[in-house]
Amino acid sequence: MKKDLAETRALGILGWVLAQDELLPVFLNATGVTEGDLRSRAADPVFLASVVEFVMLDDAWVIDRAQAQGWPPQEIMQIRAGLPGGDQPNWT
């Protein structure tokens with residue numbers, strides 16, 4: 001996936017996380033991100049990569065997000081691959 005498309009879709013994933021009343025506090029607590037950080041870093045591709053990685057921690061989140069957008073779940077992995085560090089091996 002090309003960088004521009006990956007960034008645009010990752011912004012959509014961030015928006016989805018922000019709209020999830022139960023998931024947003026988990027994201028904020030797990031990452032240490034503040035509301036101010038969300039505003040100032042939303043255009044940062046490295047930050048967006050971390051948002052996508054957060055969503056990828058739980059298969060249910062991946063499936064919910066993909067269904068909300070009408071994407072196949074593997075699209076989330078393709079988005080991550082298009083962002084900085086996406087070409088790095090995942091050892092987990």
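## Ground rules

The model is predicted, with residues numbered from 1 along each chain as its sequence is written; local features need pLDDT of at least 70, side-chain atom pairs count only at pLDDT 80 or more, and totals for chains, interfaces and linings use all residues. Side-chain values use heavy atoms, leaving out hydrogens and water.

Helices here are DSSP runs (H or I, at least four residues), numbered from the N terminus.

## Where α2 meets α4

Let's start with helix α2 (residues 23-31) and helix α4 (residues 45-55), whose axes come within 11 Å and cross at roughly 120°. The axes are lines fitted to C-alpha atoms over the stretch in contact, and angles run from 0 to 180 degrees between N-to-C directions. The two helices are therefore oblique to each other; angles under 35 degrees count as roughly parallel, over 145 as roughly antiparallel, 65 to 115 as roughly perpendicular and the rest as oblique.

The crossing of α2 and α4 is right-handed, a term for the near helix being turned clockwise from the far one by less than a right angle, while anticlockwise gives left-handed. On the α2 side, L23, V26, F27 and A30 make the contact, and F47, V51 and F54 do so from α4 (contact means heavy atoms within 4.5 Å). These residues divide into seven nonpolar, no polar and no charged. For this count, Ala, Val, Leu, Ile, Met, Phe, Trp, Tyr, Cys and Pro are nonpolar, Asp, Glu, Lys and Arg are charged, and the others, Gly among them, are polar.

## Where α4 meets α6

Helix α4 also packs with α6, at an angle of about 155° and with the axes 9 Å apart. That makes α4 roughly antiparallel to α6. The crossing of α4 and α6 is left-handed.

Which residues of α4 and α6 meet? From α4 come A49, V52 and E53, and from α6 come I76, I79 and R80. This contact divides into four nonpolar, no polar and two charged residues.

In helix α6 (residues 74-81), the buried residues are E75, I76, I79 and R80. Buried means under 20% relative accessible area, exposed over 50% and partly exposed in between (1.4 Å probe, protein chains only). Seen down the axis of α6, these buried residues fall within an arc of 145°, so they line one face of the helix; the arc is that of the directions from the helix axis to the C-beta atoms. Their cover includes α1 (3-19), α4 and α5 (59-69).

Helix α5 has W61, V62, R65 and A66 as its buried residues. Down the α5 axis they fall within an arc of 125°, so they line one face of the helix. They pack against α1, α2, α4 and α6, whereas D59, Q67 and A68 are exposed on the other side of α5.

## Three residues to look at

R80, in helix α6, counts as buried at 11% relative accessibility. Beyond its neighbours within four places in sequence, R80 is in contact with A49, V52, E53, M56, G85 and G86.

From T8 to V33 is 25 residues in sequence and 20 Å in space, C-alpha to C-alpha.

T31 belongs to helix α2 and is partly exposed, with a relative accessible area of 37%. T31 and M77 are 46 residues apart in sequence, and their C-alpha atoms lie 20 Å apart in space.
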